[in-house]
Amino acid sequence: MSICNFTASFKDMRRVYFGADNVITSLGFTTAENAEQVLKGRTGIALTTDERLCPGPLAFSGIKDDLLDEKVREFIGKSHCTSSFTRLEKIFILSILNALTGNPIDPANPRTIFIFSTTKGNIDLLEIYRRKFFEPDRVHLWRMAEVITQFFGSPNKPFIISNACISGSVAIMAASRLITSGRYDQAIVTGGDILSEFIVSGFQSFQALSPVACSPFDAHRTGLSLGEGCGTVILTADANIAVHHRAVEYLGGATTNDANHISGPSRDGEGLTLAISAAMKEAGVSSEEIDFISAHGTATPFNDEMESLALDRAGLSPVPVNSFKGYIGHTLGAAGIIETILSAFSIRNNILFKSAGYTKNGVSRPLNIITDNRYQPVRRVLKTASGFGGCNAAIVIGN
Amino acid sequence: MLITQYCLIKPPEIRLNGSVIFDHPTSEPPEFLKSAYRNLKINYPKFFKMDALCKLAFLSAEVLLKNQEITHRYDAQEIGIILQNSSSSLETDEKHQESINDRQNYFPSPSVFVYTLPNVMVGEIAIKHRIKGENAVLICKMPDARQLYEYVYDHFLQNRFKCCITGRVESYHNKTSVSLMLVEKEETATSLVKPKKMCIFDLSNFERIFNKAI
């Protein structure tokens, strides 16, 4: 392809629409099930003792194995139940299968690209007693992605994004750019992470975990809750494939780096502010036009404080904001995708979801935290995320 | 767009724009990295806290960006860092796993755990050079010049950055290699003094340099 032709096709600026989607968390195996539980105010975070994860009790949002096995038998088949796929691969496959159900996207089409987002993939295979069940290279992210794309018959090499807790947002942005530029017509964007002793012990060593369900932006917040999950969304250039009577479009996005610290958020929120303004600029949307913000809101003291500063600097403190983490925990590489899917649900259904666990302002720049579910027009949504390595991401979607 | 600089590391050598600037008799990665750091007269004590992957990425960026003054020529958020590798942070992942394998001898450490993410190498480069633009790590089984090229190219075209540090940084046990390039928009790149080393940022040039370190 010559550069000239390519530039010309880019100027047409193909639009990118949100097609069918799926969310799997402790709250359910479909987007609708998850949204329904969130509307009821149910949290999937529970104090449980799971020897696999750590010796003592831990407040986390976990996918129940018996439910998972039941779904695997129903949708993937009995023979695959225990042997062929790792636990995370099963969740990915279920999520993608559900997102593909009843729509004309062909995963084996060369114009369809798979984009994966994960922080740690099959890292649980490093555990001594699990190693013997799978070949050693299965712990590699590329191998996990390969196994899944082979299941779906994709002829393309998958894109794999591993960019800490903004991975899911980066995957959505990458998909949108690949469609806008005309390289592919549709993308199956899927992000997942499960909990393992590896992840739990690491977060514990940072003393970042809350002993109870996390309470983002609250004065008495005590740290984050981890969650397992997978989100899959089909992005497409074809407006007809975009599901629902209210098509949701990807409007703009950006990532930035704080250039400040590898494991702590910046103190002034500058990096996130830069990402937000770049994303809004690309979307052609002003701060007054944002109806809702799905914040990162991990409920650590520093993250929430930094986010309040950034939103305030971007002129967004009056905008209704929530964090989904109080319902499903921090789902790491899945978070950006799951929370963007739930934001698209907000737009399609004109509903603002309450932020779980919030009672009293606990950040220095007060935000307009959503304290009750309410129905009101939602046209434009900003999704933010930040992660280790100093990275920040912002996405604007709308209809 | 132009490729204005490139750095290749394949122990025992480090090359800048094709010329060997460091050559070490032993090619064992830890020793190699330490001696390159000393030899290149870098003074950045945080280097010694990094894991091998970050040390490698950091060193190659030091070589690549020396005297380039990119942060004078661009705003911090106009510079991107897009890297690719195969093994993610697996070597450090294994180290963290070892610290928790035995519940009687359990010593997970935040200073190890923080390096169990591949994009921390991007963070380390960003901190040192005050770079704040687009950043991502793509994971790919085999070195894939085309995937990376297209990703970076699309970002340039969609005005996400004016300058990008991009390439492959691989470090897993004895597997150590880097091919890192500085890619810039023509109008800003040509303000540099020595244009002879530059070449057009197209797939064939990118692929040629990218594959040199493999």
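Author: In this predicted model, the buried residues of α7(B) are covered by elements that include the strands β4 (79-85), β5 (135-139), β6 (163-172) and β7 (175-184), together with the helix α9 (203-210), of chain B. The residues of α7(B) that count as buried are B:Ala145, B:Leu148, B:Tyr149, B:Tyr151, B:Val152, B:Tyr153 and B:His155. An α-helix has 3.6 residues a turn, so residues three or four places apart point the same way. Among the buried positions, B:Ala145, B:Leu148 and B:Tyr149 may be read with that rule in mind, as may B:Val152 and B:His155.

The helix itself, α7 of chain B, covers residues 145-157, 13 residues in total. Its span from the first C-alpha to the last is 18 Å, close to the 18 Å expected at 1.5 Å a residue. After α7(B) comes B:Asn159, with a positive phi near 60 degrees.

Most residues other than glycine have a negative phi, and most peptide bonds are trans. B:Arg130, which is not a glycine, has a positive phi of about 55 degrees. This residue sits in the loop between α6 (120-129) and β5 of chain B, and β5 is one of the strands that cover the buried residues of α7(B). B:Arg130 counts as partly exposed because it has 13 C-beta neighbours inside 10 Å. B:Glu69 also has a positive phi, near 45 degrees, and lies in the loop between α2 (52-65) and α3 (70-73) of chain B. Because B:Glu69 has 10 C-beta neighbours inside 10 Å, it counts as exposed. A cis peptide bond joins B:Pro11 to B:Pro12, with omega near 15 degrees; B:Pro12 belongs to the loop between β1 (2-10) and β2 (13-16) of chain B.

As to the chain that holds the helix, chain B contains nine helices and eight strands. Its radius of gyration is 17 Å, close to the 17 Å that the globule rule gives for 214 residues, so chain B is as compact as a globular protein of that length. Along the principal axes, the C-alpha atoms of chain B fill a box of roughly 60 × 40 × 30 Å. Of its 214 residues, 51% count as buried. Among contacts in chain B with a separation of 6 or more, 68% are between residues 24 or more positions apart.

The wider assembly may be described next. The contact between the chains takes 44 residues from chain A and 46 residues from chain B. On the side of chain A that touches chain B, the largest share, six residues, is contributed by α8(A). By class, that side of chain A has 21 nonpolar, 19 polar and four charged residues.

In soluble globular proteins, nonpolar side chains tend to be buried together. Here the largest nonpolar core has 197 residues, of which A:Ile115 and A:Leu235 touch the most other members. The largest share of this core, eleven residues, comes from α2(B). Leaving aside residues up to four places away in sequence, the contacts of A:Leu235 include A:Val16, A:Phe18, A:Ile179 and A:Tyr250.

A word on confidence concludes the account. Chain A has an average pLDDT of 94, and 95% of its residues score at least 70. Over residues 1-11 of chain A, however, the pLDDT is below 50, and this stretch has five contacts in the model beyond near neighbours in sequence. Where pLDDT is low, the predicted coordinates should not be read in detail.

Methods:
Residues are numbered from 1 along each chain as its sequence is written. Chains are lettered from A and ligands numbered from 1 in the order in which they are written. This is a predicted model: local features need pLDDT of at least 70, side-chain atom pairs count only at pLDDT 80 or more; totals for chains, interfaces and linings use all residues. Helices (H or I, at least four residues) and strands (E, at least two) are DSSP runs, numbered from the N terminus. The expected span of a helix is 1.5 Å times one less than its number of residues. A residue is buried if 20 or more other C-beta atoms lie within 10 Å of its own, exposed if 12 or fewer, and partly exposed in between; C-beta atoms are placed from the backbone. Two residues are in contact if their C-beta atoms, placed from the backbone, lie within 7 Å. pLDDT is the predictor's confidence in each residue, from 0 to 100. Ala, Val, Leu, Ile, Met, Phe, Trp, Tyr, Cys and Pro count as nonpolar, Asp, Glu, Lys and Arg as charged, and the others, Gly among them, as polar. The radius of gyration is taken over C-alpha atoms; the globule rule is 2.2 Å times the number of residues to the power 0.38. A nonpolar core is a set of buried Ala, Val, Leu, Ile, Met, Phe, Trp, Tyr and Cys residues joined through C-beta atoms within 7 Å.
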